[in-house]
Amino acid sequence: MQDLLNTATQSAEAAEIYCVNSETIPVLFEVNKLKNIETRRTNGAALRIIKSGKIGFSSSTDTGETAARELVSMAADSAVIGEPAKFDFPGPAARGGPTSAPRVYDDKIAKLSAGELVRMGQEIIDIITEDVPSIKCGVQLERKVEEVTIANSNNGGGSYSKTTLTAIADALLVEANDIFVVYAMGGSCHGDFDHRSLAQEIRERVRLGRKIATVSTGRMPVLFTPRGIMPLLIALQSALNGKTALDGASPLAGRIGQQVVDPRISIYDDPTLDDALGSCPMDGEGVQSRRTPLVEAGILRGFYYDLQTAGRAGESSTGNGFRRAIAGDHFESQPAPDTTNAQIAPGDDNLEEMIASMDEGIIVDQVMGAGQGNVLTGDFSINVHLGFKVEKGEIVGRVKDTMVAGNTLEVLNNIAAVSSRAEWAYGQYLAPAILFKSLGVAAKGR
Amino acid sequence: MVQNLIKDALKSHGADYVEIRIEDHVRTKISLRGRGTDELSTSRSVGGCVRALASGGWGFVSFNDIEHLKDHVTLAVSQARLVGRESGDCLLAPVEPVTDTVVPTLIVDPRSITLADKLALLEEYNQIMLGYSPKIQTTTVRYRDTYSKKYFANSEGSYIDQEHCDVGASCRAIAREGDNVQQMFVTSGGVDGYQSVEGQHNSVKDCARRAVENLDAKPVKAGQYTVVLDPALAGVFVHEAFGHLSESDFIYENETLRNIMVLDAQFGAPILNIADGAALPGHRGSYRYDDEGVPSSVTPLIRDGVLVGRLHSRETAGKMGEKPTGNARAINYRFRPIVRMSNTYIENGDTSFEEMISDIDEGIYAIEAYGGETTMEMFTFSAMEAFMIRKGKIAERVRNVVLTGNVFETLMHIDAIGNDRKMSDGGVGGCGKGAQSPLPVSDGSPHIRIRNVVVGGN
């Protein structure tokens, strides 16, 4: 790798290599039965250069000698017409400074065999089907070991190993004309990850949803569970992205220091949490991880950045430069601002009391169509995939064919209560439950 | 050389069935954003996978080190045995072994165009949008081309060498007035070469105009409406709402769902005809052989409102006692093939657009889609652009139109089908299923009218 860096630096002012080596073992159950065991091994490298002040980029799964020459020449080709670089690669991390490197590796995960994953998957199915044997489960257990190395011509970068254990499970119950689906997703970088609690959570939600309740179209209080908050979070992630803000396409652009949402709302991005799936000691550009306040007490504090976007905006990278490809392998993509573990801070209210305070309303727990509408404006219009009707403070059943719509920033200024406990949703973000005073609900007449 | 390596690895594996895919993809990506270049890169991805069936269980290994192919076969077979011991009951539908070579017919090979020329074309599009109005806040222009060489071989004696080219572009205009931000995008592309993304200047300009005009659109009032879908949105509808239910891996192991998707059952009015097929040439979902080496076909799914067919891999076909349809696809060598759509469409009917809207007192005309999603029987999809229909005429613009419903009820509520079918082949995205996204597909339809659709709104 050092050779490749040297070769690249000979014909450019600066260069950076990103190398990844990973092994993923997914074990898949379909309809309560073990279906498939896989092993996916990935090697790849991406080269980024700054030549005559312009950025060039290339990537390859082949890191042999001829491939290295191909990488260098492809990067040089794109640098000729590339974007002017507004950054320098980071130098070596300060020694002896405060260390924020989170724990993201556990040998226990690295040593997990396919057979052990099969056993865990079977346990998940046993728990979910215990009360209702006619439930059909799909389960995927996956363990991943990844080694990332970043090196640049400023002697910056570093390397780390990360392990993850993730579980995705869904329960399908078909009764008469009703198809009822509950799903959950969770994971950890630590081997103590409790796959059974994921199964128990599904079982509990199935129990709550067996009875169907009716909803009529109109405006009413709506409570979003941490899972249900997903569409709002997607809109916030777009609005707080340094790139969206720099383009002026974010409704929050130019509003730093202003009160933008209810003072009970604070939002952070935090890759420094031990064991969390989104954690890492450095981002995809070798910038050290740190916790970034985005909104505090409803006041906009800043946006999240990668190196180039920060350079263009006259800011510093927040350590949010990640390589995430829409197609192909992640290392095929150039770094762009992205969140790690997004967090909405908890409030002061008791969840049970929040539900008890609703005279007539709904709880949104699982949605369809998140991120589908006009994400930029924060408008959402979602199908309530799993939700519950509340009447006089009691959950009376599951709602069907129901949509909830609103605008993210507007509703975050129309909050009735924020629960005092933040929970992980899908292993991706931490959020409390939020009760909104009044939202548009559309239901199909029956 | 690859052929010898594969043939050697297929000797003495000890499994019931083994298949090997080796692929080489070269991809160019260009993204412009506002006045800057966001991404400009070339990447090469070479790798392969082995899938093994032993005692009725599957094992799968993917890798980049092709030279160790034999070891990967051994690992895949041992994983397959582990699955086979627990729950092996997989049976492959028989197909004839094939030896073939497929090379695409390209009008303009994207590999013959320099990166600088590609960038110059995209910059033209970008300037048209940025210069259209001061209300255009920003833009994104994204371009991808991928040239793939795929080798397929299995232990039954098939050896297929296929090359494939996919080119796509997407231009998005973002208009802003205060807090109001509206966006529109147009796509172009295809499998027959670079010319498919050229000459889009007028449609790109129109895209900017529509984004600006949408600033003045009022949010739609929630409720139930009669909705007319344009061919692009109707295509997304047929893909999302019905197509996914036709993928047999969704039902083959599940008796309850099989009882819903039962052949010969009435799913729509007699005017409704739906089909899927990769053998339909010239679209993004077109190919000669799928990733199990099965020849592609065109599969009628609904004929005169009645369910007549579904999409299969060799496994689902074997289990259900039906014929493979050539719909087992993987996005690349990192993944095993699963049942996917290819080109999915509603066939032409005989109602003109004017007739379709003429007797609607209050309804919605919904055009193109931001996206769509289904979970079993429920679907949602969001219109990019929409107009009210009042007293049989297209009236004012509305926005935030998201349609949702139950697939089965909604199919029954399609009461008019146009005679102007159009396929959508553009863009840089595709279909997602499980972890596999984006897969190039095409979908299309004529205009269709649906009664009683729930539209979300404030």
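Two residues are in contact if their C-beta atoms, placed from the backbone, lie within 7 Å. The structure is a predicted model, in which local features need pLDDT of at least 70, side-chain atom pairs count only at pLDDT 80 or more, and totals for chains, interfaces and linings use all residues. Residues are numbered from 1 along each chain as its sequence is written, and chains are lettered from A and ligands numbered from 1 in the order in which they are written.

**View 1. The boundary between domain 1 and domain 2 of chain A.** In this boundary, 37 residues of domain 1 of chain A are in contact with 35 residues of domain 2 of chain A. On the domain 1 side, at least two residues each are supplied by β1 (14-30), β2 (33-51), β3 (54-60), β4 (136-152), β5 (157-175), β6 (178-188) and α5 (195-209) of chain A; helices (H or I, at least four residues) and strands (E, at least two) are DSSP runs, numbered from the N terminus. The largest share of that side, 7 residues, comes from β6(A). Its residues divide into 18 nonpolar, 14 polar and 5 charged, where Ala, Val, Leu, Ile, Met, Phe, Trp, Tyr, Cys and Pro count as nonpolar, Asp, Glu, Lys and Arg as charged, and the others, Gly among them, as polar. The domains span residues 2-208 (domain 1) and 211-446 (domain 2) of chain A, with bounds from an automatic or database domain assignment. Their centres, taken over C-alpha atoms, are separated by 23 Å.

**View 2. The contact between chain A and chain B.** Chain A contributes 63 residues and chain B 68 residues. Elements of chain A that each supply at least two residues to its side include α2 (65-80), α4 (114-128), β15 (379-391) and β17 (402-407). β2(A) provides the largest share of this side, 11 residues. By class, the chain A side has 20 nonpolar, 26 polar and 17 charged residues. β3(A) and strand β2 (residues 36-54) of chain B pair in the parallel sense over 3 bridges; two strands pair if DSSP finds at least two bridges between them. Within β2(B), T42(B) stands opposite S58(A).

**View 3. An open, mixed sheet of 6 strands in chain B.** The strand order is β12-β11-β10-β15-β24-β21. At the edges stand β12 (306-307) and β21 (422-424) of chain B, each with a single partner strand, so one side of each is left without a neighbour in the sheet. β21(B) pairs with β24 (residues 442-445) of chain B in the antiparallel sense over 3 bridges, and K422(B) has S445(B) in β24(B) as its bridge partner.

View 4. Antiparallel pairing over 3 bridges links β10(B) and β15(B), with I346(B) of β15(B) as the bridge partner of I274(B). By contrast, β15(B) and β24(B) run parallel and are joined by 3 bridges; here Y345(B) is partnered by G444(B) in β24(B). Both faces of β15(B) are covered, with N343(B) and Y345(B) on one side and T344(B) and I346(B) on the other, all buried. A residue is buried if 20 or more other C-beta atoms lie within 10 Å of its own, exposed if 12 or fewer, and partly exposed in between, with C-beta atoms placed from the backbone.
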